[in-house]
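Student: I have a model to go through. Can we take it feature by feature?

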Amino acid sequence: MHIIFSFFIALLALAILHHLWNKIPKLPRARDDWGAVASDDPRVAVAAMMYAIATADSGLNNFKEQQILLLLQQKLDIDEKTARLCLTGGRRIARRLDGDLNSRLHQMLPTIAQKCSPEEKKDVVEMLQAVGGGSADRIGPVRDGIGRVAASLLDR
């Protein structure tokens, strides 16, 4: 009896984990969308990278959140609702990543490197520098992380 009960508890736990894992929003896509059509959305990856940079020193404040949303809307040519979905998904992904800022940023690189054009990759670096602000100019983890991302993306 205990084995059957344990089996059902394990199934319930797996169902809950599956539900929580798949809470990252699925964004609408068009064929000529930024980053090309694919299952891993580069828009969410960019939002995750910007979130990681914005929260490198402290939590995300309203100014940084609005800046990220505005950059997503302008550079990716998406509406505010889609930008919020990107940031929500990016926030969830960024919170799951382990390591220092540089390693967290590099975990998002494959999606962008494979699915974005050279011009889009340049936009990504510009967005990261804008979110980094003064920290992107000073010696430290933000400048180092953005520099390594730029070298990886723009070198390919």
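This is a predicted model: local features need pLDDT of at least 70, side-chain atom pairs count only at pLDDT 80 or more; totals for chains, interfaces and linings use all residues.

Student: How many salt bridges does the structure hold?
Tutor: One of them joins arginine 148 to aspartate 144, at 3.0 Å from N to O. Another joins glutamate 126 to lysine 75, at 2.8 Å. The count is five.

Student: How many residues apart in sequence are the parts that glutamate 126 and lysine 75 tie together?
Tutor: The two side chains meet in a salt bridge. Glutamate 126 lies in helix 6 (residues 118-132) and lysine 75 in helix 3 (residues 62-76), so the pair bridges parts separated by 51 residues.

Student: Which residue is linked with Glu80 and Arg84 in a network of salt bridges?
Tutor: Arginine 84 and glutamate 80 meet at 3.5 Å, N to O. They sit four residues apart in helix 4 (residues 80-96), so about one helical turn separates them. The network also takes in Glu65.

Student: Is cysteine 116 buried or exposed?
Tutor: Buried means under 20% relative accessible area. Cysteine 116 has 8%, so this residue is buried.

Student: How many disulfides does a search of the whole structure find?
Tutor: A disulfide needs two cysteine sulfur atoms within 2.5 Å. The search covers the whole structure. The number found is zero.

Terms used:
Residues are numbered from 1 along each chain as its sequence is written. Side-chain values use heavy atoms; hydrogens and water are left out. Buried means under 20% relative accessible area, exposed over 50%, partly exposed in between (1.4 Å probe, protein chains only). A salt bridge is a side-chain nitrogen of Lys or Arg within 4 Å of a carboxyl oxygen of Asp or Glu. Helices (H or I, at least four residues) and strands (E, at least two) are DSSP runs, numbered from the N terminus.
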